[in-house]
Amino acid sequence: MPLFLLEADERAGPGIERLAARLQLDAALDDDHVCVLVHLVIAELLAGSHPDQDGTSFAGRVEDDRASGAAGSLEPEEVPTLHGRDPIPLGCVVRLAARMAPVVDAYALGPTQTNCYVVRVDAGAQEAVVVDPGYEGIRPGFAVVAILVTHCHWDHLGGIASLAEATGAPVYMPEREAAVLENPQAFFPDQQIRPYKPDVRLEDGDTFDAAGLSFETLSVPGHSPGHVAFATDGALFSGDVLFAGSVGRTDLPFGDWHALLESIRTLVDRFPPETIVYPGHGPPTTLGAEVAANPFLAELRAAT
Ligand SMILES: [Zn+2]
């Protein structure tokens with residue numbers, strides 16, 4: 001997660017230059033412009049950030065050391081107010097810990113409302129990665145350069161073959177579950193799923209770049225034995241492992257509750273609480289929100 005430091009004291013120069021380089025701003029860089037730069041950064045982050053579930057705030061935060069490190073979500077309406085405030089006093093430290101989160105469009109498809117995500121590096125990007133095209137019909141309107149599959153259950157597989165053929169995008173699939181996509185009729189005879197041979201077979205820890213984003217593959221078994229999650233820039237595509245207020249079923253064939261809990265523990269240990277979780281079903285959430293209140297994670301809470 002990029003962390004920008006604006007230091008309005010003698011360290012101001014390097015901090016602001018780092019920030020400006022990240023944002024490709026062409027601005028006069030001196031202490032008098034700190035407040036303007038903060039505004040510009042926030043405006044930039046707002047444009048590229050995912051709103052939270054009620055759509056009133058964004059997934060970034062501004063910390064001010066004068067307030068003992070207190071941090072909170074910044075309401076978009078506050079931006080003009082912030083800009084209108086007196087310039088940030090010299091000597092204070094402003095930390096912009098907000099990430100440059102990808103832009104994620106969600107489509108709930110099919111009888112089980114399986115989430116299909118279209119992921120881009122920012123709002124102006126024309127290339128996209130599609131996560132779990134579970135049903136026919138997704139034509140994102142962008143150049144699809146990769147199709148990622150979290151696991152092999154039928155409601156996540158249905159749209160893969162047609163999307164891959166229409167776009168030419170390679171399909172990334174966990175190695176351990178690739179056989180299901182290659183022969184879905186053997187596993188789900190009641191479903192009309194076209195077989196497809198995955199182009200890239202993933203193991204735990206595999207990384208790859210697509211559409212300007214870097215992805216890491218994380219093995220998260222429990223809901224299914226080869227299930228993976230995909231992490232990129234403050235976002236986690238969790239498939240059917242973790243939902244807002246719930247977790248994936250483990251009563252299906254090869255489900256394993258203890259493995260599922262350990263998988264979620266791994267994610268919680270690995271990523272910061274503000275990480276946005278995009279689940280296979282239902283609305284997005286954050287790791288922190290689920291650790292705090294998900295009724296299925298009491299055992300995990302008790303251990304921390
Ligand atoms: Zn599933």
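Ala-179 is classed as partly exposed because 15 C-beta neighbours lie inside 10 Å of its own; by this criterion, with C-beta atoms placed from the backbone, a residue is buried if 20 or more other C-beta atoms lie within 10 Å, exposed if 12 or fewer do, and partly exposed in between. The structure is a predicted model, in which local features need pLDDT of at least 70 and side-chain atom pairs count only at pLDDT 80 or more, whereas totals for chains, interfaces and linings use all residues. Residues are numbered from 1 along each chain as its sequence is written.

Ala-179 belongs to helix H6, which spans residues 178-182. Its C-alpha atom is separated by 9.6 Å from that of Pro-195, 16 residues apart along the chain. Helices (H or I, at least four residues) and strands (E, at least two) are DSSP runs numbered from the N terminus. The protein contains ten helices and 18 strands in total.

Helix H8, formed by the 14 residues 257-270, reaches 20 Å from its first C-alpha to its last, close to the expected 20 Å, a span defined as 1.5 Å times one less than the number of residues. Leu-260, Ser-263, Ile-264, Leu-267 and Val-268 of H8 are buried. These residues lie on the same side of H8 because they cover an arc of only 135 degrees around the axis, taken from the directions from the helix axis to the C-beta atoms. An α-helix has 3.6 residues a turn, so residues three or four places apart point the same way. His-258 and Asp-269, on the other side of H8, are exposed.

Of the 304 residues in the protein, 41% are buried.
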